[in-house]
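Colleague: I would like a close look at one part of this model, with the surrounding detail set out in order. Please keep to what can be read from the coordinates.

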Amino acid sequence: MIKPECPKDRIILALDVDTLDEVRELVMELKDYVGYFKIGLPLIVSYGFEAVRLIEELGGRCYYDSKFHDIPNTVQKACINLVKNNIHLFNIHIQGGSKMIAGTVKAVKAAAKRLEKEPPVILGVTLLSSFGQRTLTEELCVEKSIEDYVLQLAKVAYDSGLDGVVASAEEAKRIRKQIDNKDFIIVCPATRPTWASVNDQVRVDTPRDAILSGVDYMVIGRPITTADDRVAAAKLILDEVATALEDKDAAKVL
């Protein structure tokens, strides 16, 4: 996964659907307007790599949203199987700890070398976007603010060899200041244009917020997939991203 070259590349469409027919319909309709298609647990459980193959056959690129979080040996074996099945982009939970992360990165690189393949991009999930401060403090007994906690997880991810993290736009600002590596990828997980409902998300950002905060990629689902005119919705978001990129470049000049 390289840095995005155009507004389209920055959009990852979440395929939160139940059937391969729906996957086919969305990919065929929107592959010219988004950079990646994300498959999560519902599709993974039902169709596994069949959904991945379908996306690739239709000309799309896949983000395998596995969110692995288990003992190091188990995660390493699972991720080696992803390499064998040509998965180019996936994620694991940073809360699994540095031993799990570093061991997985090492195992994945070794498997890719052995199989003569390019190593996949591995992202670290910081904190689910459905979490608010109350959940973090009262249920997980974490006294840090969400921003401080996510920053700490991002440092663990970077030090352990991950290619990037999944974090909100507000958190991305601090990550960019603390991690001095322009190649470190940040994906914003819950992106909603101002005209869309936030649904079950708590920490959400607009596409403009994400771009101006230093986010590379943004995950967008229902604002596009449930729109009456999905192509029109995607185009509106692309326009917002393009304008934000222009404003960001202009601010650098000033």
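Is Ser 213 buried or exposed, and what is its relative accessible area? Please start there and then go on to other places in the chain.

Modeller: A caution to begin with: this is a predicted model. Ser 213 has a relative accessible area of 8%, and because the cut-off for buried is under 20%, Ser 213 counts as buried. Ser 213 belongs to the loop that runs between helix 9 (207-212) and strand 8 (217-220). From there, the side chain of Ser 213 reaches the backbone oxygen of Ala 169, at 3.4 Å. Ala 169 is also among the residues that Ser 213 touches, together with Ala 172, Lys 173 and Arg 176, when residues up to four places away in sequence are not counted.

Asp 229 sits in the loop between helix 10 (222-225) and helix 11 (230-253). Its relative accessible area is 45%, so Asp 229 is partly exposed. A polar atom of the Asp 229 side chain lies 3.0 Å from the backbone nitrogen of Ala 232.

Next comes Leu 26, which is placed in helix 1 (residues 20-30). Leu 26 counts as buried because its relative accessibility is 4%. Leaving out residues up to four places away in sequence, Leu 26 touches Leu 15, Val 17, Lys 31, Phe 37, Thr 225 and Arg 230. As for Lys 8, 18 residues separate it from Leu 26 in sequence, and the C-alpha to C-alpha distance between the two is 15 Å.

That leaves the packing of helix 1 itself. The axes of helix 1 and helix 3 (residues 49-57) come within 10 Å and cross at roughly 25 degrees. Angles under 35 degrees count as roughly parallel, and helix 1 and helix 3 are therefore roughly parallel to each other. The crossing of helix 1 past helix 3 is right-handed. On the helix 1 side, the contact is made by Leu 20, Val 23, Arg 24 and Val 27. Helix 3 contributes Glu 50, Ala 51, Leu 54 and Ile 55. Sorted by class, this contact of helix 1 with helix 3 has 6 nonpolar residues, 2 charged residues and no polar ones.

Conventions
Residues are numbered from 1 along each chain as its sequence is written. This is a predicted model: local features need pLDDT of at least 70, side-chain atom pairs count only at pLDDT 80 or more; totals for chains, interfaces and linings use all residues. Side-chain values use heavy atoms; hydrogens and water are left out. Helices (H or I, at least four residues) and strands (E, at least two) are DSSP runs, numbered from the N terminus. Buried means under 20% relative accessible area, exposed over 50%, partly exposed in between (1.4 Å probe, protein chains only). Contact means heavy atoms within 4.5 Å. A polar contact is a pair of N or O atoms within 3.5 Å; within protein, one must be able to donate a hydrogen and the other to accept it, and residues adjacent in sequence count only if both atoms are side-chain atoms. Axes are lines fitted to C-alpha atoms, for helices over the stretch in contact, and angles run from 0 to 180 degrees between N-to-C directions. Angles under 35 degrees count as roughly parallel, over 145 as roughly antiparallel, 65 to 115 as roughly perpendicular and the rest as oblique. A crossing is left-handed if the near helix is turned anticlockwise from the far one by less than a right angle, and right-handed if clockwise. Ala, Val, Leu, Ile, Met, Phe, Trp, Tyr, Cys and Pro count as nonpolar, Asp, Glu, Lys and Arg as charged, and the others, Gly among them, as polar.
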